[in-house]
Amino acid sequence: MEVLTENDAAGGNLGGRQIVILGYGNQGRPQALNLRDSGLNVAVAARPGRKAWEKAESDGFEVMEPQSGAASADILMCLLPDEVQGHAWRDYIEDNLPKGSAICFAHGFAVTFGQIETGEYDLVMVAPKGQGGRLRSAYLEGSGLPCLLAVEHDATGLARDIALGIAKGLGCLRIGAFETTFREEALSDLFGEQAILVGGVPALIKKAFDLLIEKGFSPEVAYFECMHELKIIVDLFSLHGLSGMREVISGTAAFGGLKYGERLVTEETAAEMRRIFDRIESGEFARVWLEEAAGGKKELEKLSEREEELTIEKAGREVRKLFTRGDDT
Ligand SMILES: NC(=O)c1ccc[n+]([C@@H]2O[C@H](COP(=O)([O-])OP(=O)(O)OC[C@H]3O[C@@H](n4cnc5c(N)ncnc54)[C@H](OP(=O)(O)O)[C@@H]3O)[C@@H](O)[C@H]2O)c1
C-alpha cells in the first residue's frame, strides 16, 4: 500500500480556507491546536454554556454556535461523538453549510451507516491512529501519528487535496497516511475495538484474573500478572512485532506462550469473532448503538457500573496509587 507523506500534499494548501471544528473534545481540541499551529485558519463551533465552548475560548479560538459555525465553514471538521453526528447533520449542518464546502470526519461511522447522506459536499476522512492527546503530544515533539485517509464523495474535484491538507496540518503526514475507504475504516475500526482492543483483551484479562483469585492468589499479585504487565508487552509488540517481542523475553515465557497460548483461541472463539464482524458489517451493531444512545445509554451505564465494582478494578486502583505517589500533576 502506498504511504502518503508531506511530498504528496502539494495540492493540499489550505491557506485562506476557514476550518471550523465542530466538537471540541478528545479529538477536536488536539486537532484544532495542531491545525492552528500549522498556520491554518481555525475557529470552533460549540454549544453555548457548555464545557467545550469555555475550553475553546480559553484556548484563544473564536467560538460560534454550531449553526453559525457551519455557515462560515469552508472545511467543517465533524468531531462530535459518532452517535450525535446524524442529529448534528440535520440540526446544524445541512441547512447552513455553504454548498461546495467539505466535511472532514475522524471516523467513517456516520457516513457508512447512513446517518449522513449528501451529494453536495466533499466528504473526506482523516482518521489519526491514536487518541487525541497523543496526536497533540506527537505534533509538539516534531513528529506525528499516522492516519487513514479517504474520500467518500468528491463534489468539487478537490476533495483528496483537502484531505491531504488536513492530514498535513495535523502532523500525520510527517509519519504517513494510508488511503482507504470510509467503509473499510469504519468496519475495521469497530471490529478491532470489539474483538481485541476494548472487548476481547479486557475479557481475557478478567477471566485470567478471576482464575488466580479462585486459586487463592492475592488480588495485587493477580493484578500485576494479568493487567499491569500487559502494557510492557504491548509496547514490545508495537515496537518490534510479535517475533521481536520474543527475543527480549525469557525462553521460559516464549516457550510457554507459544506452546499453550494458542489453545485459548478455539474454533468457538473464531466463530464468535466472525459473528462480531457480521453484526458490524450488516449494520446491526450501528442500529443497536444508535438505539442505545437515543434511549439515554442506560445499558452502557449499567455495564460500566458493573465493571467498576470488579475485584480487578479495586485492586488496580490500590496498586496504581503506588505509581502516582509523589506525582502531584
Ligand atoms: N476519542 C478518540 O481518541 C478518537 C480517536 C479517533 C477517532 N475518533 C473520532 O473522533 C470523533 C469525535 O470523538 P471524540 O471522542 O473526540 O468525541 P467526544 O470527546 O466524546 O465529544 C466531542 C464534543 O462534542 C460535544 N458535543 C456532544 N454532543 C453534542 C451536540 N449534540 N451538539 C454539539 N456538541 C456536542 C461535546 O462538548 P459539550 O458537551 O461541552 O458541548 C464534546 O466535547 C468521533 O468520530 C470518533 O470516532 C476519536
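**Domains, ligand shell and selected residues of the predicted model**

The structure described here is a predicted model, and in it Gln 18 belongs to strand β2, which covers residues 18–22. When neighbours within four places in sequence are left aside, the contacts of Gln 18 are with Asn 41, Ala 43, Ser 72, Ala 73 and Asp 74. Gly 133, by contrast, lies 115 residues from Gln 18 in sequence, and the two C-alpha atoms are 24 Å apart in space.

The protein is divided into two domains, with domain 1 spanning 3–181 and domain 2 spanning 190–324. The centres of domain 1 and domain 2, taken over C-alpha atoms, are separated by 31 Å. Thr 181, the residue at which the range of domain 1 ends, is located in the loop that runs between β9 (177–179) and α8 (182–197). Thr 181 has 15 other C-beta atoms within 10 Å and is therefore partly exposed. Although Thr 181 and Ala 150 are 31 residues apart in sequence, a C-alpha to C-alpha distance of 5.0 Å is found between them.

Around the ligand there are 23 residues, of which Gly 25, Asn 26, Arg 50, Ala 52 and His 107 come nearest. Divided by class, this shell consists of 11 nonpolar, 8 polar and 4 charged residues.

Helix α10 (residues 219–248) and helix α15 (residues 311–324) have axes that come within 9 Å and cross at roughly 95 degrees. This angle makes α10 roughly perpendicular to α15, because angles of 65 to 115 degrees are counted in that class. On the α10 side the contact involves Pro 219, Glu 220, Tyr 223, Met 227 and His 228, which meet Thr 311, Ile 312, Ala 315, Gly 316 and Val 319 of α15. The residues of this contact comprise 6 nonpolar, 3 polar and 1 charged.

The loop between α9 (200–214) and α10 contains Lys 215. Lys 215 counts as exposed, because 8 C-beta neighbours are present inside 10 Å, and a residue with 12 or fewer is assigned to that class. Between Lys 215 and Gly 296, which are 81 residues apart in sequence, the distance from C-alpha to C-alpha is 40 Å.

Ala 293 is placed in helix α13, a helix that covers 284–294. With 16 other C-beta atoms within 10 Å, Ala 293 is partly exposed. The chain separates Ala 293 from Glu 83 by 210 residues, yet the C-alpha atoms of these two residues are 6.6 Å apart.

Lys 297 is situated in the loop that links α13 to α14 (298–308). The backbone of Lys 297 has a phi near 55 degrees, a positive value in a residue other than glycine. For most residues other than glycine, phi is negative. Lys 297 is partly exposed, as 14 other C-beta atoms are found within 10 Å.

Technical notes: Residues numbered from 1 in each chain as written. Predicted model: local features only at pLDDT ≥ 70, side-chain atom pairs only at ≥ 80, totals over all residues. Axes fitted to C-alpha atoms, helices over the stretch in contact; angles between N-to-C directions. Helix = DSSP H or I, 4+ residues; strand = E, 2+ residues; numbered from the N terminus. Parallel < 35°, antiparallel > 145°, perpendicular 65-115°, else oblique. Contact = placed C-beta atoms within 7 Å. Nonpolar A, V, L, I, M, F, W, Y, C, P; charged D, E, K, R; others polar. Domains from an automatic or database assignment. Near = placed C-beta within 6 Å. Buried ≥ 20, exposed ≤ 12 C-beta atoms within 10 Å, placed from the backbone.
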